[in-house]
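Here is a friendly walk through one protein and its ligand, written to be read with the structure open beside you. Take it a stop at a time and find each residue as it comes up.

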Amino acid sequence: MAPSPSQTSEFVVKRPQLWIGALWLGWTICLTLVVGLWALSLSSATLSLLNNRQLAMSASLEALSESFQILERLPLSLAAGLREEAREATLTSERLRELQKQAQPLCELYYLNSEGQPLHSTDSVPEWLPPLLSAQLPPGGSLTVLRPLPPGLEAGRPSSRPLPELPENYLVVGSRLDSGEIVACQLDLGLVFGVWMLRPLHRSGLENDLTVVRLSPHEPWRPEIPPPPTVDLERWIWPWEVTREEPQWRWQVETLFPRQSFPFQQLEITLDNSRALKQLLGQQLTRLGLTLALMLAFAFSIVLTARAVRREGESIQAREHFVGMVSHELRTPLAAIEMYLEILREGLVDDPEKLQQYHQILGQESARLKSLVENLLTVGTLQKCHELERESVDLHSLIEELLSQFQSPHLSSRLEARPCRVLANREALRGVLSNLLGNALKYGGAAEIRTATGAGRLILEVEDEGSGIPRDQRAKIFEPYYRMDNPDGEKKAGVGLGLALVKGLVEALDGSISVHEGAQGGALFRVSLVLVEGEAE
Ligand code: ADP
(Lines give C-alpha, C1' and ligand atoms only; values in the text may rest on other atoms or scores of the structure.)
Protein backbone atom coordinates (compact mmCIF):
# COMPACT_ATOMS: atom_id res chain seq x y z
CA MET A 1 0.00 0.00 0.00
CA ALA A 2 1.29 3.44 -0.92
CA PRO A 3 2.74 5.32 2.01
CA SER A 4 0.82 8.34 3.14
CA PRO A 5 2.45 11.78 2.84
CA SER A 6 4.64 13.08 5.64
CA GLN A 7 2.50 13.22 8.75
CA THR A 8 3.64 15.56 11.48
CA SER A 9 1.89 17.77 13.96
CA GLU A 10 4.67 20.39 14.29
CA PHE A 11 3.38 23.43 12.49
CA VAL A 12 5.62 26.45 12.30
CA VAL A 13 3.89 29.83 12.29
CA LYS A 14 6.76 32.17 11.60
CA ARG A 15 5.41 35.69 11.11
CA PRO A 16 3.31 35.97 14.30
CA GLN A 17 6.32 34.65 16.28
CA LEU A 18 8.32 37.61 15.04
CA TRP A 19 5.93 40.30 16.28
CA ILE A 20 5.25 38.40 19.47
CA GLY A 21 9.01 38.29 20.07
CA ALA A 22 9.17 42.05 19.45
CA LEU A 23 6.32 42.57 21.93
CA TRP A 24 8.15 40.50 24.53
CA LEU A 25 11.33 42.47 24.01
CA GLY A 26 9.39 45.75 24.34
CA TRP A 27 7.72 44.43 27.46
CA THR A 28 11.02 43.44 29.06
CA ILE A 29 12.54 46.85 28.27
CA CYS A 30 9.43 48.54 29.76
CA LEU A 31 9.67 46.38 32.87
CA THR A 32 13.33 47.31 33.39
CA LEU A 33 12.52 50.98 32.83
CA VAL A 34 9.55 50.90 35.21
CA VAL A 35 11.57 49.29 38.02
CA GLY A 36 14.52 51.65 37.42
CA LEU A 37 12.31 54.76 37.41
CA TRP A 38 10.51 53.53 40.49
CA ALA A 39 13.80 53.13 42.39
CA LEU A 40 14.83 56.63 41.25
CA SER A 41 11.56 58.19 42.35
CA LEU A 42 11.66 56.31 45.69
CA SER A 43 15.15 57.60 46.38
CA SER A 44 14.29 61.22 45.60
CA ALA A 45 10.94 61.01 47.45
CA THR A 46 12.74 59.68 50.56
CA LEU A 47 15.34 62.43 50.50
CA SER A 48 12.80 65.19 49.96
CA LEU A 49 10.59 63.77 52.73
CA LEU A 50 13.55 63.87 55.13
CA ASN A 51 14.48 67.34 53.93
CA ASN A 52 10.93 68.66 54.44
CA ARG A 53 10.80 67.19 57.92
CA GLN A 54 14.12 68.70 58.79
CA LEU A 55 12.98 72.16 57.58
CA ALA A 56 9.69 71.90 59.48
CA MET A 57 11.50 70.87 62.66
CA SER A 58 14.14 73.61 62.38
CA ALA A 59 11.40 76.24 62.03
CA SER A 60 9.43 74.97 65.01
CA LEU A 61 12.52 74.55 67.21
CA GLU A 62 13.45 78.13 66.43
CA ALA A 63 9.93 79.26 67.35
CA LEU A 64 10.16 77.26 70.56
CA SER A 65 13.48 78.81 71.52
CA GLU A 66 12.15 82.34 70.80
CA SER A 67 9.07 81.78 72.90
CA PHE A 68 11.25 80.54 75.78
CA GLN A 69 13.24 83.75 75.58
CA ILE A 70 10.04 85.82 75.74
CA LEU A 71 8.78 83.70 78.58
CA GLU A 72 11.98 84.16 80.52
CA ARG A 73 11.47 87.92 80.61
CA LEU A 74 7.73 87.78 81.21
CA PRO A 75 7.51 87.35 85.03
CA LEU A 76 10.28 89.88 85.62
CA SER A 77 8.70 92.56 83.46
CA LEU A 78 5.19 91.86 84.81
CA ALA A 79 6.42 92.13 88.43
CA ALA A 80 8.34 95.33 87.62
CA GLY A 81 5.28 96.92 85.97
CA LEU A 82 3.12 95.92 88.91
CA ARG A 83 5.58 97.44 91.38
CA GLU A 84 5.71 100.68 89.40
CA GLU A 85 1.93 101.05 89.36
CA ALA A 86 1.67 100.18 93.07
CA ARG A 87 4.32 102.74 93.91
CA GLU A 88 2.45 105.44 91.99
CA ALA A 89 -0.76 104.35 93.74
CA THR A 90 -2.54 103.76 90.40
CA LEU A 91 -3.07 100.04 91.05
CA THR A 92 -6.82 99.89 91.60
CA SER A 93 -8.83 96.66 91.79
CA GLU A 94 -9.97 97.09 88.16
CA ARG A 95 -6.44 97.74 86.92
CA LEU A 96 -5.12 94.68 88.77
CA ARG A 97 -7.89 92.53 87.27
CA GLU A 98 -7.02 93.82 83.80
CA LEU A 99 -3.31 93.02 84.26
CA GLN A 100 -4.14 89.58 85.67
CA LYS A 101 -6.26 88.78 82.61
CA GLN A 102 -3.43 89.72 80.29
CA ALA A 103 -0.93 87.54 82.15
CA GLN A 104 -3.12 84.42 82.26
CA PRO A 105 -3.01 81.52 81.79
CA LEU A 106 0.74 81.19 82.29
CA CYS A 107 1.22 83.85 85.00
CA GLU A 108 -0.67 84.83 88.14
CA LEU A 109 -0.23 88.37 89.55
CA TYR A 110 -0.61 89.17 93.26
CA TYR A 111 -0.82 92.44 95.23
CA LEU A 112 -0.46 91.73 98.97
CA ASN A 113 -0.23 93.72 102.19
CA SER A 114 2.85 93.53 104.45
CA GLU A 115 1.55 90.27 106.06
CA GLY A 116 1.13 88.73 102.67
CA GLN A 117 -2.71 88.92 102.57
CA PRO A 118 -4.47 90.04 99.35
CA LEU A 119 -5.28 93.73 99.31
CA HIS A 120 -8.35 93.16 97.15
CA SER A 121 -10.88 90.92 98.75
CA THR A 122 -11.74 89.07 95.48
CA ASP A 123 -8.19 87.77 95.02
CA SER A 124 -7.27 84.28 96.09
CA VAL A 125 -3.67 83.51 96.98
CA PRO A 126 -2.21 79.99 97.26
CA GLU A 127 -1.52 79.07 100.85
CA TRP A 128 2.20 78.56 100.43
CA LEU A 129 2.89 81.95 98.80
CA PRO A 130 2.38 84.54 101.66
CA PRO A 131 4.75 82.82 104.15
CA LEU A 132 7.35 82.37 101.40
CA LEU A 133 7.29 86.06 100.43
CA SER A 134 6.76 87.73 103.80
CA ALA A 135 9.54 85.67 105.37
CA GLN A 136 12.14 86.39 102.73
CA LEU A 137 11.46 89.92 101.45
CA PRO A 138 13.06 92.84 103.29
CA PRO A 139 11.58 96.29 102.54
CA GLY A 140 12.65 97.45 99.08
CA GLY A 141 14.00 93.95 98.30
CA SER A 142 13.04 91.46 95.57
CA LEU A 143 13.59 87.77 94.94
CA THR A 144 13.26 85.01 92.32
CA VAL A 145 12.41 81.52 93.48
CA LEU A 146 12.59 78.43 91.26
CA ARG A 147 11.17 75.03 91.98
CA PRO A 148 12.72 72.57 91.52
CA LEU A 149 16.12 74.13 91.98
CA PRO A 150 18.83 73.32 89.49
CA PRO A 151 21.94 71.69 90.95
CA GLY A 152 24.41 74.20 92.34
CA LEU A 153 21.77 76.75 93.31
CA GLU A 154 20.82 74.86 96.46
CA ALA A 155 23.53 76.52 98.61
CA GLY A 156 22.54 80.04 97.71
CA ARG A 157 18.90 79.57 98.63
CA PRO A 158 17.91 82.40 101.03
CA SER A 159 15.88 80.74 103.72
CA SER A 160 15.87 81.53 107.41
CA ARG A 161 12.53 80.26 108.60
CA PRO A 162 10.83 76.88 108.01
CA LEU A 163 8.53 77.13 105.01
CA PRO A 164 5.27 75.32 104.29
CA GLU A 165 5.17 72.41 101.86
CA LEU A 166 5.87 73.98 98.46
CA PRO A 167 4.58 72.77 95.12
CA GLU A 168 6.99 71.79 92.36
CA ASN A 169 7.28 73.56 89.02
CA TYR A 170 6.99 77.23 89.60
CA LEU A 171 8.91 80.43 89.24
CA VAL A 172 8.02 83.31 91.54
CA VAL A 173 9.32 86.84 91.16
CA GLY A 174 8.39 89.06 94.17
CA SER A 175 9.21 92.63 95.39
CA ARG A 176 8.42 94.47 98.58
CA LEU A 177 7.65 98.16 98.24
CA ASP A 178 9.05 100.67 100.76
CA SER A 179 5.54 100.84 102.18
CA GLY A 180 5.78 97.13 103.02
CA GLU A 181 3.27 95.89 100.37
CA ILE A 182 4.26 93.02 98.19
CA VAL A 183 3.79 92.52 94.41
CA ALA A 184 4.45 89.07 92.92
CA CYS A 185 4.25 87.18 89.64
CA GLN A 186 4.03 83.40 89.63
CA LEU A 187 4.80 81.48 86.43
CA ASP A 188 3.17 78.07 86.21
CA LEU A 189 5.88 75.82 84.79
CA GLY A 190 3.48 72.91 84.59
CA LEU A 191 1.60 74.82 81.89
CA VAL A 192 4.80 76.01 80.24
CA PHE A 193 6.07 72.48 79.74
CA GLY A 194 2.65 71.18 78.89
CA VAL A 195 0.26 72.79 76.44
CA TRP A 196 2.21 75.97 75.85
CA MET A 197 5.50 74.38 74.86
CA LEU A 198 3.91 71.88 72.51
CA ARG A 199 2.14 74.61 70.53
CA PRO A 200 5.16 75.74 68.45
CA LEU A 201 6.18 72.09 67.96
CA HIS A 202 2.74 71.19 66.70
CA ARG A 203 3.01 73.84 64.04
CA SER A 204 5.49 71.57 62.24
CA GLY A 205 2.67 69.08 61.55
CA LEU A 206 4.89 66.26 62.86
CA GLU A 207 3.28 66.00 66.29
CA ASN A 208 2.42 62.32 65.89
CA ASP A 209 6.08 61.43 65.54
CA LEU A 210 7.42 63.73 68.26
CA THR A 211 8.44 62.72 71.76
CA VAL A 212 9.38 65.40 74.27
CA VAL A 213 11.15 64.40 77.47
CA ARG A 214 11.96 66.86 80.24
CA LEU A 215 15.44 66.01 81.44
CA SER A 216 15.85 66.11 85.17
CA PRO A 217 17.35 69.38 86.41
CA HIS A 218 19.65 67.22 88.52
CA GLU A 219 21.18 65.64 85.49
CA PRO A 220 24.67 66.88 84.65
CA TRP A 221 24.54 69.69 82.17
CA ARG A 222 25.67 68.71 78.71
CA PRO A 223 26.60 71.84 76.84
CA GLU A 224 27.09 69.95 73.55
CA ILE A 225 23.90 70.29 71.54
CA PRO A 226 24.03 68.17 68.40
CA PRO A 227 23.33 70.27 65.31
CA PRO A 228 20.10 69.44 63.45
CA PRO A 229 20.66 66.81 60.75
CA THR A 230 21.10 68.03 57.21
CA VAL A 231 19.82 65.97 54.33
CA ASP A 232 22.07 65.54 51.33
CA LEU A 233 19.66 65.66 48.42
CA GLU A 234 22.32 64.71 45.89
CA ARG A 235 22.89 61.21 47.17
CA TRP A 236 21.14 57.95 46.27
CA ILE A 237 19.14 55.66 48.55
CA TRP A 238 18.52 52.06 47.54
CA PRO A 239 14.92 50.84 48.00
CA TRP A 240 15.90 48.40 50.78
CA GLU A 241 17.66 51.19 52.66
CA VAL A 242 14.62 53.47 52.88
CA THR A 243 13.24 52.29 56.21
CA ARG A 244 16.74 52.14 57.70
CA GLU A 245 17.51 55.72 56.69
CA GLU A 246 17.87 58.07 59.71
CA PRO A 247 15.01 56.58 61.71
CA GLN A 248 15.36 59.06 64.62
CA TRP A 249 16.56 62.60 65.04
CA ARG A 250 17.23 63.95 68.54
CA TRP A 251 17.71 67.48 69.84
CA GLN A 252 18.49 68.79 73.32
CA VAL A 253 16.90 72.17 73.89
CA GLU A 254 17.50 74.65 76.70
CA THR A 255 14.39 76.21 78.04
CA LEU A 256 14.60 78.95 80.70
CA PHE A 257 17.72 80.87 81.68
CA PRO A 258 19.97 79.53 78.93
CA ARG A 259 22.52 82.27 79.56
CA GLN A 260 23.15 81.13 83.11
CA SER A 261 25.65 78.46 83.84
CA PHE A 262 22.82 76.15 85.02
CA PRO A 263 19.91 76.07 82.63
CA PHE A 264 16.67 75.58 84.49
CA GLN A 265 15.34 72.91 82.23
CA GLN A 266 16.57 70.83 79.37
CA LEU A 267 14.30 69.10 76.93
CA GLU A 268 15.06 66.16 74.76
CA ILE A 269 12.97 66.24 71.61
CA THR A 270 12.95 63.16 69.40
CA LEU A 271 11.47 62.99 65.94
CA ASP A 272 10.79 59.48 64.73
CA ASN A 273 11.02 59.22 60.94
CA SER A 274 10.45 55.48 60.66
CA ARG A 275 6.64 55.65 60.44
CA ALA A 276 6.75 58.27 57.65
CA LEU A 277 9.44 56.33 55.80
CA LYS A 278 7.47 53.10 56.07
CA GLN A 279 4.36 54.87 54.82
CA LEU A 280 6.28 56.33 51.89
CA LEU A 281 7.72 52.92 51.02
CA GLY A 282 4.26 51.37 51.31
CA GLN A 283 2.75 53.97 48.95
CA GLN A 284 5.55 53.57 46.45
CA LEU A 285 5.33 49.76 46.62
CA THR A 286 1.58 49.91 46.02
CA ARG A 287 2.20 52.11 42.98
CA LEU A 288 4.87 49.72 41.70
CA GLY A 289 2.60 46.74 42.43
CA LEU A 290 -0.26 48.27 40.44
CA THR A 291 2.04 49.09 37.53
CA LEU A 292 3.52 45.58 37.57
CA ALA A 293 0.03 44.06 37.78
CA LEU A 294 -0.96 46.05 34.71
CA MET A 295 2.19 44.95 32.94
CA LEU A 296 1.59 41.33 33.92
CA ALA A 297 -1.95 41.59 32.61
CA PHE A 298 -0.47 42.92 29.39
CA ALA A 299 2.09 40.10 29.30
CA PHE A 300 -0.68 37.61 29.95
CA SER A 301 -2.67 39.02 27.07
CA ILE A 302 0.43 38.68 24.85
CA VAL A 303 0.70 35.03 25.86
CA LEU A 304 -2.99 34.45 25.19
CA THR A 305 -2.83 36.22 21.83
CA ALA A 306 0.32 34.31 20.90
CA ARG A 307 -1.35 31.05 21.84
CA ALA A 308 -4.52 31.91 19.92
CA VAL A 309 -2.49 32.93 16.86
CA ARG A 310 -0.41 29.75 17.06
CA ARG A 311 -3.51 27.59 17.49
CA GLU A 312 -5.23 29.32 14.59
CA GLY A 313 -2.11 28.80 12.44
CA GLU A 314 -1.89 25.16 13.49
CA SER A 315 -5.55 24.62 12.89
CA ILE A 316 -5.37 26.15 9.37
CA GLN A 317 -2.36 24.00 8.52
CA ALA A 318 -3.98 20.95 10.09
CA ARG A 319 -7.10 21.47 8.00
CA GLU A 320 -5.06 21.82 4.83
CA HIS A 321 -3.12 18.75 5.84
CA PHE A 322 -6.37 16.95 6.61
CA VAL A 323 -7.90 17.66 3.17
CA GLY A 324 -4.76 16.24 1.54
CA MET A 325 -4.83 13.21 3.82
CA VAL A 326 -8.52 12.50 3.34
CA SER A 327 -8.27 12.65 -0.42
CA HIS A 328 -5.23 10.38 -0.26
CA GLU A 329 -7.00 8.01 2.17
CA LEU A 330 -10.05 7.88 -0.12
CA ARG A 331 -8.07 7.53 -3.31
CA THR A 332 -5.75 4.72 -2.15
CA PRO A 333 -8.43 2.09 -1.37
CA LEU A 334 -10.51 3.24 -4.35
CA ALA A 335 -7.53 2.81 -6.69
CA ALA A 336 -6.84 -0.65 -5.23
CA ILE A 337 -10.53 -1.67 -5.55
CA GLU A 338 -10.62 -0.35 -9.12
CA MET A 339 -7.44 -2.27 -10.04
CA TYR A 340 -8.50 -5.60 -8.52
CA LEU A 341 -12.02 -5.32 -9.96
CA GLU A 342 -10.46 -4.68 -13.39
CA ILE A 343 -8.29 -7.80 -13.03
CA LEU A 344 -11.29 -9.87 -11.99
CA ARG A 345 -13.51 -8.43 -14.74
CA GLU A 346 -10.89 -9.21 -17.43
CA GLY A 347 -10.70 -12.78 -16.05
CA LEU A 348 -6.91 -12.58 -16.04
CA VAL A 349 -6.50 -14.80 -12.97
CA ASP A 350 -7.58 -18.45 -12.85
CA ASP A 351 -5.70 -19.54 -9.76
CA PRO A 352 -8.40 -20.03 -7.08
CA GLU A 353 -5.91 -19.14 -4.32
CA LYS A 354 -5.06 -15.84 -6.02
CA LEU A 355 -8.74 -15.18 -6.64
CA GLN A 356 -9.44 -15.65 -2.95
CA GLN A 357 -6.56 -13.34 -2.02
CA TYR A 358 -7.89 -10.64 -4.39
CA HIS A 359 -11.37 -10.92 -2.93
CA GLN A 360 -9.89 -10.57 0.53
CA ILE A 361 -7.97 -7.43 -0.51
CA LEU A 362 -11.13 -6.04 -2.05
CA GLY A 363 -12.98 -6.70 1.19
CA GLN A 364 -10.24 -5.08 3.32
CA GLU A 365 -10.00 -1.98 1.12
CA SER A 366 -13.74 -1.45 1.05
CA ALA A 367 -13.82 -1.92 4.88
CA ARG A 368 -11.11 0.72 5.20
CA LEU A 369 -13.09 3.04 2.93
CA LYS A 370 -16.25 2.41 4.89
CA SER A 371 -14.53 3.06 8.22
CA LEU A 372 -13.11 6.36 6.96
CA VAL A 373 -16.45 7.53 5.54
CA GLU A 374 -18.22 6.49 8.77
CA ASN A 375 -15.71 8.43 10.87
CA LEU A 376 -16.13 11.52 8.72
CA LEU A 377 -19.93 11.27 8.93
CA THR A 378 -19.85 10.75 12.70
CA VAL A 379 -17.56 13.74 13.19
CA GLY A 380 -19.99 15.84 11.17
CA THR A 381 -22.94 14.63 13.27
CA LEU A 382 -21.08 15.16 16.55
CA GLN A 383 -20.18 18.72 15.58
CA LYS A 384 -23.85 19.46 14.92
CA CYS A 385 -25.48 17.82 17.92
CA HIS A 386 -24.01 16.53 21.14
CA GLU A 387 -27.04 14.58 22.31
CA LEU A 388 -26.95 10.89 21.38
CA GLU A 389 -29.98 8.66 21.82
CA ARG A 390 -29.23 6.11 24.50
CA GLU A 391 -30.41 2.60 25.19
CA SER A 392 -29.27 -0.41 27.13
CA VAL A 393 -26.47 -2.01 25.09
CA ASP A 394 -25.01 -5.43 25.74
CA LEU A 395 -21.35 -4.50 25.54
CA HIS A 396 -19.97 -8.04 25.53
CA SER A 397 -22.01 -9.13 22.52
CA LEU A 398 -20.92 -5.95 20.71
CA ILE A 399 -17.26 -6.73 21.49
CA GLU A 400 -17.68 -10.30 20.25
CA GLU A 401 -19.31 -9.01 17.07
CA LEU A 402 -16.41 -6.63 16.42
CA LEU A 403 -13.76 -9.23 17.18
CA SER A 404 -15.32 -11.57 14.67
CA GLN A 405 -15.40 -8.74 12.12
CA PHE A 406 -11.72 -7.96 12.66
CA GLN A 407 -10.90 -11.67 12.32
CA SER A 408 -7.44 -11.02 13.65
CA PRO A 409 -5.44 -13.64 15.53
CA HIS A 410 -3.69 -10.74 17.29
CA LEU A 411 -6.79 -9.61 19.13
CA SER A 412 -7.78 -11.31 22.38
CA SER A 413 -10.34 -10.55 25.08
CA ARG A 414 -10.70 -10.98 28.84
CA LEU A 415 -14.26 -10.03 29.71
CA GLU A 416 -16.20 -9.86 32.98
CA ALA A 417 -17.95 -13.21 33.60
CA ARG A 418 -21.51 -11.83 33.57
CA PRO A 419 -23.07 -9.81 30.74
CA CYS A 420 -22.58 -6.06 31.01
CA ARG A 421 -25.21 -3.63 29.85
CA VAL A 422 -24.23 -0.02 29.44
CA LEU A 423 -26.39 3.03 28.89
CA ALA A 424 -25.12 4.08 25.48
CA ASN A 425 -25.77 4.43 21.79
CA ARG A 426 -24.96 1.18 20.02
CA GLU A 427 -23.52 2.78 16.88
CA ALA A 428 -21.46 5.24 18.89
CA LEU A 429 -20.03 2.38 20.96
CA ARG A 430 -19.24 0.47 17.82
CA GLY A 431 -17.30 3.53 16.57
CA VAL A 432 -15.37 3.75 19.85
CA LEU A 433 -14.47 0.05 19.91
CA SER A 434 -13.56 -0.25 16.23
CA ASN A 435 -11.28 2.81 16.41
CA LEU A 436 -9.54 1.62 19.57
CA LEU A 437 -9.10 -1.94 18.27
CA GLY A 438 -8.07 -0.70 14.81
CA ASN A 439 -5.43 1.61 16.34
CA ALA A 440 -4.21 -1.16 18.64
CA LEU A 441 -3.61 -3.42 15.65
CA LYS A 442 -2.20 -0.59 13.54
CA TYR A 443 0.22 0.82 16.11
CA GLY A 444 0.55 -2.00 18.62
CA GLY A 445 0.57 -5.15 16.52
CA ALA A 446 -1.46 -7.15 19.05
CA ALA A 447 -3.90 -6.19 21.76
CA GLU A 448 -6.20 -7.38 24.50
CA ILE A 449 -9.63 -5.95 25.31
CA ARG A 450 -10.84 -6.22 28.92
CA THR A 451 -13.94 -5.24 30.87
CA ALA A 452 -14.60 -4.80 34.58
CA THR A 453 -17.39 -3.23 36.63
CA GLY A 454 -17.46 -1.24 39.84
CA ALA A 455 -19.28 1.70 41.52
CA GLY A 456 -21.94 1.93 38.82
CA ARG A 457 -19.38 2.23 36.03
CA LEU A 458 -18.03 -0.09 33.41
CA ILE A 459 -14.30 0.06 32.78
CA LEU A 460 -13.19 -0.99 29.32
CA GLU A 461 -9.48 -1.33 28.61
CA VAL A 462 -7.64 -1.86 25.34
CA GLU A 463 -3.97 -2.64 25.89
CA ASP A 464 -1.59 -3.25 23.01
CA GLU A 465 1.99 -4.44 22.63
CA GLY A 466 3.35 -1.44 20.76
CA SER A 467 5.83 1.18 21.88
CA GLY A 468 3.17 3.21 23.73
CA ILE A 469 2.47 6.93 23.75
CA PRO A 470 4.96 9.37 25.31
CA ARG A 471 3.58 11.25 28.33
CA ASP A 472 3.71 14.68 26.65
CA GLN A 473 1.66 13.41 23.68
CA ARG A 474 -1.13 11.82 25.71
CA ALA A 475 -3.43 14.85 25.74
CA LYS A 476 -2.63 15.88 22.18
CA ILE A 477 -3.56 12.60 20.47
CA PHE A 478 -7.22 13.31 21.28
CA GLU A 479 -7.13 16.57 19.33
CA PRO A 480 -8.69 16.40 15.85
CA TYR A 481 -6.22 15.96 12.97
CA TYR A 482 -3.34 15.38 15.36
CA ARG A 483 -0.93 12.65 14.32
CA MET A 484 2.14 11.54 16.13
CA ASP A 485 5.43 10.69 14.45
CA ASN A 486 5.98 6.96 14.73
CA PRO A 487 9.11 6.12 16.73
CA ASP A 488 10.22 3.62 14.04
CA GLY A 489 9.71 6.24 11.31
CA GLU A 490 7.16 4.03 9.56
CA LYS A 491 4.26 5.94 8.01
CA LYS A 492 0.89 4.50 8.95
CA ALA A 493 -2.29 5.33 7.10
CA GLY A 494 -4.70 7.64 8.93
CA VAL A 495 -5.99 11.19 9.16
CA GLY A 496 -5.83 11.86 12.92
CA LEU A 497 -9.58 11.77 13.44
CA GLY A 498 -10.11 8.41 15.16
CA LEU A 499 -9.23 9.30 18.76
CA ALA A 500 -10.87 12.75 18.56
CA LEU A 501 -14.00 10.92 17.50
CA VAL A 502 -13.64 8.31 20.27
CA LYS A 503 -13.27 11.06 22.90
CA GLY A 504 -16.24 13.01 21.50
CA LEU A 505 -18.44 9.87 21.51
CA VAL A 506 -17.39 8.72 24.98
CA GLU A 507 -18.03 12.17 26.48
CA ALA A 508 -21.38 12.41 24.68
CA LEU A 509 -22.25 9.16 26.52
CA ASP A 510 -21.27 10.74 29.89
CA GLY A 511 -18.14 8.65 30.00
CA SER A 512 -14.44 9.43 30.07
CA ILE A 513 -11.33 8.20 28.34
CA SER A 514 -7.68 8.27 29.34
CA VAL A 515 -4.46 6.81 28.05
CA HIS A 516 -1.72 5.17 30.12
CA GLU A 517 1.35 3.07 29.79
CA GLY A 518 0.50 -0.64 29.66
CA ALA A 519 2.25 -3.36 31.68
CA GLN A 520 4.39 -4.27 28.60
CA GLY A 521 5.11 -0.62 27.75
CA GLY A 522 2.39 -0.43 25.09
CA ALA A 523 -0.56 1.94 25.01
CA LEU A 524 -3.42 1.32 27.41
CA PHE A 525 -6.69 3.12 26.64
CA ARG A 526 -9.18 3.12 29.53
CA VAL A 527 -12.82 4.04 28.92
CA SER A 528 -15.32 4.51 31.72
CA LEU A 529 -19.04 4.18 30.83
CA VAL A 530 -22.33 4.33 32.73
CA LEU A 531 -23.77 0.92 33.61
CA VAL A 532 -27.52 0.36 33.25
CA GLU A 533 -29.21 0.53 36.69
CA GLY A 534 -29.35 -2.87 38.29
CA GLU A 535 -26.09 -3.86 36.61
CA ALA A 536 -24.11 -1.93 39.16
CA GLU A 537 -22.68 -3.87 42.10
P1 ADP B 1 -4.92 8.11 13.04
O2 ADP B 1 -4.77 6.74 13.54
O3 ADP B 1 -5.80 8.21 11.88
O4 ADP B 1 -3.62 8.78 12.86
P5 ADP B 1 -6.05 8.69 15.62
O6 ADP B 1 -6.79 9.87 16.10
O7 ADP B 1 -6.70 7.38 15.74
O8 ADP B 1 -5.63 8.99 14.13
O9 ADP B 1 -4.69 8.64 16.42
C10 ADP B 1 -3.93 9.80 16.58
C11 ADP B 1 -2.46 9.46 16.79
O12 ADP B 1 -2.33 8.77 18.03
C13 ADP B 1 -1.94 8.51 15.78
O14 ADP B 1 -1.34 9.23 14.71
C15 ADP B 1 -0.92 7.67 16.51
O16 ADP B 1 0.35 8.26 16.36
C17 ADP B 1 -1.35 7.75 17.94
N18 ADP B 1 -1.95 6.50 18.42
C19 ADP B 1 -3.27 6.18 18.45
N20 ADP B 1 -3.44 4.94 18.98
C21 ADP B 1 -2.21 4.47 19.28
C22 ADP B 1 -1.71 3.26 19.86
N23 ADP B 1 -2.54 2.27 20.22
N24 ADP B 1 -0.38 3.13 20.04
C25 ADP B 1 0.47 4.14 19.69
N26 ADP B 1 0.06 5.30 19.14
C27 ADP B 1 -1.27 5.47 18.93
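## Starting inside the fold

Isoleucine 269 is part of strand β7, which covers residues 266–272. The model you are looking at is a predicted one. Is isoleucine 269 buried or exposed? Its relative accessibility is 0%, so isoleucine 269 counts as buried.

Which residues does isoleucine 269 touch, not counting those up to four places away in sequence? They are Met57, Leu61, Leu64, Leu201, Leu210, Thr211, Val212, Trp249, Arg250, Trp251 and Val253.

## The nonpolar cores

Isoleucine 269 also belongs to the largest nonpolar core, a set of 51 residues. Along with Met57, Phe68, Leu187, Val192 and Trp251, isoleucine 269 is listed among the residues with the most contacts inside that core. Which helix gives the most to this core? That is helix α1, running over residues 14–87, with 15 residues.

Setting aside its neighbours within four places in sequence, leucine 187 is in contact with Leu71, Pro75, Leu106, Cys107, Asn169, Tyr170, Leu171 and Val192. There is also a second, separate core, made of 41 residues, and Ile399, Leu402, Leu501 and Val527 are included in it.

## The fold as a whole

Stepping back, the protein has nine helices and 14 strands. It is 537 residues long, and 42% of them count as buried. Among contacts with a separation of 6 or more, 72% are between residues 24 or more positions apart. The protein exposes about 29700 Å², and carbon and sulfur atoms supply 55% of this area.

## Around the ligand

Now to the ligand. How many residues surround the ligand? There are 17, and the closest are Asn439, Tyr443, Asp464, Arg483 and Leu499. By class, this shell holds ten nonpolar, four polar and three charged residues.

Three elements each supply at least two residues of the shell: α8 (426–444), α9 (498–508) and β14 (523–530). Of the contributions to the shell, that of α8 is the most, with three residues.

| Residue | Part of the residue | Distance to a ligand oxygen atom |
|---|---|---|
| Lysine 442 | N or O atom in the side chain | 3.1 Å |
| Tyrosine 443 | N or O atom in the side chain | 2.7 Å |
| Glycine 496 | polar backbone atom | 3.0 Å |

Taken alone, the ligand exposes 530 Å², and 97% of that is buried by the protein.

## A charged side chain under cover

Glutamate 461 is found in strand β12, residues 457–464. Why does glutamate 461 count as buried? Its relative accessible area is 14%, and buried means under 20%. The side chain of glutamate 461 makes a polar contact of 2.5 Å with the side chain of arginine 526. Beyond its neighbours within four places in sequence, glutamate 461 is in contact with Glu448, Ile449, Arg450, Leu524, Phe525 and Arg526.

## Backbone details to look for

Last, a few places in the loops. A cis peptide bond joins glutamine 104 and proline 105, with omega about 5°. Proline 105 lies in the loop between α2 (93–103) and β1 (107–112).

Alanine 89 has a positive phi of about 60° although it is not a glycine. Alanine 89 is placed in the loop between α1 and α2, and its relative accessibility is 67%, so it counts as exposed.

Aspartate 510 is another residue other than glycine with a positive phi, here near 65°. You will find aspartate 510 in the loop between α9 and β13 (512–517). Is aspartate 510 buried, exposed or partly exposed? At 46% relative accessibility, aspartate 510 counts as partly exposed.

Definitions and conventions:
Residues numbered from 1 in each chain as written. Predicted model: local features only at pLDDT ≥ 70, side-chain atom pairs only at ≥ 80, totals over all residues. Heavy atoms only, no water. Helix = DSSP H or I, 4+ residues; strand = E, 2+ residues; numbered from the N terminus. Buried < 20%, exposed > 50% of the residue type's maximum accessible area, 1.4 Å probe, protein only. Polar contact = N/O pair within 3.5 Å; in protein donor to acceptor, adjacent residues only side chain to side chain. Contact = heavy atoms within 4.5 Å. Core = buried A, V, L, I, M, F, W, Y, C linked by side-chain atoms within 4.5 Å. Near = heavy atom within 4 Å. Areas by Shrake-Rupley, 256 points an atom, 1.4 Å probe, with all protein chains shown as cover. Nonpolar A, V, L, I, M, F, W, Y, C, P; charged D, E, K, R; others polar.
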